[in-house]
Amino acid sequence: MDGPALHSIEALLRTLFDDDGLRRLVRHQRGGASLSAELPGDDASPAEVAFKVVEVLDRRGRLDSAFFNALAAARPHRRQEIEAVKVRVLGPAEGVVMPSVCDLSRLPRPLSPHFRGRDAELDLLDRSWTDSRTHVLTIVAEGGAGKSALVSRWLTHVSERGWDGAQAVLAWSFGGWSDSETSSAELFTDEALRFLGDGQAHPHATTRAQALRLAALLRSRRTLLILDGIDSLQHGPGAPGHRRGRFRDPLLQALVDALAAGFDGLCILTTRLFPTDLQAWTATTAPVLDLKRLSPRAGTALLRDLGTHGSDEEHHQAVRDLDGNAFALTLLGTFIHNAKKGDLRRRDELDLIHAAQRVAGAEVQRLLDAYDNWFDAAACRLERDILRVVGLFDRPADGPAVAALRQAPAISGLTESLLQASEDDWQWALSSLRRSGLMIEPPTADPDSLNAHALVRAGFGERLRTSNPAAWRTAHLRLYEHYLSAASWQPNTLSEMMPLLHAVHHGCQAGRRKEAFEQVYLWRIQRGGEGFLWSRLGAFSVELSALGRFFDRRWDRPAADLEPTAQARVLSDTGFALYALTRFGPAQRVLEAGLAHYEGLQDWNNAAKVACSLSNLAQTLGQLRQAIHWGRVAVQFAHQGGAVPRRINAITILADALHQAGLDDELASLFQEAEGLQIQHQHEHPLLHGKAGYRYCDLLLGRAEWLVEETVDLAHIPAKPAVRAALVQICREVLARAAYSLAVAAPGDGPVAQALDLLASGRAHTLLWLLTQADGDETSAEAYLEQAELELASAIATLRRADRRDQLPRGLLARAALHRLSGAAHADTDLDQAQALAANGPMPLFMCDAHLEQARLRLSRGYPDAARTDLVRAEALVRETAYLRRRRALNTLSGRIDEAVLDERLRLDESWSELPSRDPKTAPDRP
């Protein structure tokens, strides 16, 4: 057998057995006495023993299939890893194609080798994997019900069958609701892309673009993807009804949507709350498995497996008292076996039955408290301290971090036992905790790491924090210093950034929030004003996770130990991140608090910046009166002390809000003022450009589009030279401004400004196509139509890549109008997408525009009554939001619908008048 194969076996054995275990393994082989004589003496290191064991067994020809089967029998909870090494060393069974890439290292392992009552669920997983119509399977259950254990057991079965044709297997755990406000799919996507062979850097390809690239790689082979604990990326039970269960993370939402639409494989999701984004797919490609609680019979079998004794009725009652929660039953069974000699009748001493609140978390916490007290009484201090160390982390504790905590000097009240323990004592304690279900087996990638269920981490961590706050702070300080030293100064990738992000968490827990903010977050992570996390990595969710550490109460009370300027920065950065993630409600509250802080500091430039964001956000939410108010505030602050670009931005934002509200009196003077400032600021670039330039173009295009809509019969336009000349002039000016803006764009302007320039140009070319078509100039009309389609498609693609869902409906609605006017068949697709985005925002102004466009489309197809329904909905939104810019469109469309209805009635009357005379006694009634 070659060297790499022997090395793989050696590494596996070292994770399965200690020194004595390795020697027993050899003794139990055929001819074990003579084999043992070849092993080194007791003074040899574990590494030397493992090396010699593998060398001896290989030389004697004992490293065969039977050897690996014996290992799996001895360590059934590690069967999956053993099988993987077996296949890697001996090759797959004949006719079996093994996965080319496989990584299950991040999936939580079962808390107990005992598994009961899930045969039907295992069968459903098998059917889903083999059914080509099922792309996504969501397993929904409460915390501790056994979702991860079910998936892990099924994966063991699949691996024993040679993976059933899977070409890639990838698992990832998001950790459930341990920190649901700040969890993110960005690190997963970054790692998954590298795992599947996309090693290229894509610094500006954010969210949707990354998700679609990952989906394409997953589709390129038959893939089994497991995403465990996605509830940390969903809106929880306390969210408003329309958001509850929806994905908070846009990246995960885009990925799952893409896989549900088509996928040669299976994506398994586990969560506590059904993701409502998948509602449309549940009857077809994305079914749901509602994992029920264990029945009294299955729960009783589990308890007896764990070593309890008593009558069946006593066991059934215990299962009912814990609502059949598999995790709580596992902890109860192991505790009764260890501390109460297996006598289930003594469970009453835990005071579980009369708990005030019947939820799994409350019951589990009582069990954890009981364990903690029992450890003290039984002098099991090492086990207790290991669990408290695990409680320092909001994630699995990696090996190097654990080693840092085990170094001298000891942390009083926490790590003395860890330093005093021999390696045998340490491994024995870990083995005992894992058998009890309190800890999880480590992944092969980091065998020295420590992990436990999120409820266990939180429970023992809180116990340490309240009983020994000094040890809590000292331990976090050591971890803070450890991660700072482990990280590069200013990392360039998300994976390299993780040690600094961990340092922020531990520094804040250690009482070093001011230092963690100023020296780590501000300079090493964000690189000052560069905003590296979002501007270069597009990692808004990760940024939000880091910012969450600097709040005393999320998201409205920044840490009191931060400087006032830092508190203002934390609030404004948090507001921008929430806004980018379309979490509009929290973003609005945080930005308002940030504005108040900047106003108190008399930092007028940053105050104007935040007020501009508030105005844009209010407009997105359809609060136009508020948008105008914040626009005026932004202009006031910008004039007090803002830089010229900030003043230009504030003025055009106010003008845009007034434009949407139909208040046109100030618009001309405001845009003239903004352009005058632009000439002063950059005389070589005298025209407004970027987003400010688009706002002015939108004003011009709005007037032109209304003129076209008023002229119902475009054939009459050539007979109205004044109208035609005005339209052409507007289009030419918009095209010139858009081309100018694209030409002078700076690298820092970002993709949104580019997309808006393309959108303005596409809308102008649409109008020119209509005009030349009315003139009968087919050649020019065809060229304008082709250019409009190209520019609108490019604008939409750019907005999708930037994942700007607050801007994407603009492009979709413009292209839907073009398709309606040209008779193309794609108008419904763009319109449906725009309506879905507007509804999910919610973004009422876009929803109003979508209803108006839907009414025009239905009217053009000869359905005036259906068009009137959409018109009524649009009119209600205009009244609700004061979106008075659309009054003319409402009136014009209403008149056209009335005319269409009247025409239809006249045609009916004419058809009845042409019928031959009939006997009134036998003639049917007119409708």
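What you're looking at is a predicted model, in which local features need pLDDT of at least 70, side-chain atom pairs count only at pLDDT 80 or more, and totals for chains, interfaces and linings use all residues. Residues are numbered from 1 along each chain as its sequence is written, and side-chain values use heavy atoms, with hydrogens and water left out.

**The chain as a whole**

The chain holds 40 helices and eight strands; these are DSSP runs numbered from the N terminus, with helices being H or I of at least four residues and strands E of at least two. Of its 927 residues, 55% count as buried. Here buried means under 20% relative accessible area, exposed means over 50%, and partly exposed is in between, with a 1.4 Å probe and protein chains only. The areas come from the Shrake-Rupley method with a 1.4 Å probe, and for residues only the protein chains shown count as cover. As for contacts (heavy atoms within 4.5 Å), take those between residues at least 6 apart in sequence: 71% of them join residues at least 24 apart.

**Salt bridges**

There are 31 salt bridges in the structure, each one a side-chain nitrogen of Lys or Arg within 4 Å of a carboxyl oxygen of Asp or Glu.

| Pair | N to O distance | Accessibility |
|---|---|---|
| D561 and R513 | 3.4 Å | D561 35%, R513 15% |
| E666 and R632 | 2.8 Å | E666 31%, R632 38% |
| R815 and D830 | 2.7 Å | both buried |

D561 counts as partly exposed because its relative accessibility is 35%, while R513 counts as buried at 15%. Elsewhere, R381, R384, D385 and E416 are linked in a salt-bridge network.

**A negative patch**

On the surface, D18, D20, D42, D43, E48, E423, D424, D425 and D448 gather in a patch of negative charge. Patch members have over 30% relative accessible area and no salt bridge, with like charges joined within 9 Å. Helix α19 (residues 423–435) gives the most to the patch, with three residues. E48 belongs to helix α4 (residues 46–59) and is partly exposed, at a relative accessible area of 45%.

**Two residues up close**

T415 lies in the loop between α17 (399–405) and α18 (416–420). T415 counts as buried because its relative accessibility is 0%. Apart from neighbours within four places in sequence, T415 is in contact with L405 and A410.

K691 is part of helix α32 (residues 690–710) and is partly exposed, with a relative accessible area of 34%. Not counting residues up to four places away in sequence, K691 touches V752, A753 and L756. From K691 to L756 is 65 residues in sequence, yet 7.1 Å in space, C-alpha to C-alpha.

Conventions:
Patches are made of residues with over 30% relative accessible area and no salt bridge: like charges are joined within 9 Å, nonpolar side chains (Val, Leu, Ile, Met, Phe, Trp, Tyr) within 5 Å. Lys and Arg count as positive and Asp and Glu as negative; His and the chain ends are not counted. The place of a charge is taken as NZ of Lys, CZ of Arg, CG of Asp or CD of Glu.
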